[in-house]
Amino acid sequence: MATALNESHRRFLQTMMSQGILEGSVMRKLHKHCCETHKAHYRHDHLDDFIKSINGHLQPLFMEIRKGMSEDDGRQHYALINLAETEITRMAFDYTETELELFKKTMDLVLESESGMVSSTDILNLADQLQPKKMKKKEVEQVLQRFVQDKWLCEGQTCEVCGAKVHLPCAAKYFCGREEPCCPKCRQFWPHEIPVVNRPEPSMLPPTSTPKVRRRCRD
């Protein structure tokens, strides 16, 4: 059974949760500070035992404070790590609490929409509804770009005639090389800018040809 935690343990853990990783000498100072602040028993050579008590309570949460050595300078470091890493837990470490709130509200909009898609304008309007702090619309735009880059969200284009939806990577492949970009469903003119297909390195490119003129589709 894990040793009961006191206030010095809790203060120590709170600091680790906010910092994530600390150098060995800083950890020893933190250990001393927490014990002296809360009048707990302190011995300079009991840091590992102190951490062991905390880890006993973190185990059910699949987390642990571990010790390691830096390959750059050989100094000892301590880090709070997640033992059960999943896509969702990785996201929790990559984004702030406010950014995660933006993602949650964005998912709510997607689920509430009939089309399964939501406009960037609707997402930008969430800027002043976020907790624990509001974001500027420019900041929301930057976070949205990260969501797309990290593949949590994908961008798409919609036909203005029939409403057919095409993800940007699919649009790039489908319209590549076509003289007349038309909706794959209703065959009407596709008014959106065609995304650029990822091309091979310049040394591997075939000889250039005469650019093709983009024409409107016939009915």
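User: Before anything else, what counts as a helix or a strand here?
Analyst: Helices are DSSP runs of H or I with at least four residues, strands are DSSP runs of E with at least two, and both are numbered from the N terminus. One caution: this is a predicted model, where local features need pLDDT of at least 70 and side-chain atom pairs count only at pLDDT 80 or more, while totals for chains, interfaces and linings use all residues. Residues are numbered from 1 along each chain as its sequence is written, and side-chain values use heavy atoms, with hydrogens and water left out.

User: Which residues have the most contacts inside the largest nonpolar core?
Analyst: Those are Phe12, Met16, Met27, Ile51, Ile54 and Ile65, in a core of 17 residues. A nonpolar core is a set of buried Ala, Val, Leu, Ile, Met, Phe, Trp, Tyr and Cys residues joined through side-chain atoms within 4.5 Å.

User: Which elements give two or more residues to this core?
Analyst: Helices H1 (7–19), H2 (24–37) and H3 (47–58), plus strand S3 (76–82). H3 gives the largest share, 5 residues.

User: What does Ile51 touch?
Analyst: If you skip neighbours within four places in sequence, Ile51 is in contact (heavy atoms within 4.5 Å) with Phe12, Met27, Ile65 and Tyr78. There's also another core apart from that one, with 15 residues, including Tyr95 and Phe147.

User: Switching to strands: which way do S1 and S3 pair?
Analyst: Strand S1 (residues 21–23) pairs with S3 in the antiparallel sense over 3 bridges; two strands pair if DSSP finds at least two bridges between them. Leu22 sits opposite Tyr78 in S3.

User: How many bridges join S2 to S3?
Analyst: 7, and S2 (residues 63–69) runs antiparallel to S3. Over there, Arg66 stands opposite Ala79 in S3.

User: Last one: where does His44 lie, and is His44 buried or exposed?
Analyst: His44 is in the loop between H2 and H3. His44 counts as exposed because its relative accessible area is 62%. His44 and Arg28 are 16 residues apart in sequence, and their C-alpha atoms are 7.4 Å apart in space.

Terms used: Buried means under 20% relative accessible area, exposed over 50%, partly exposed in between (1.4 Å probe, protein chains only).
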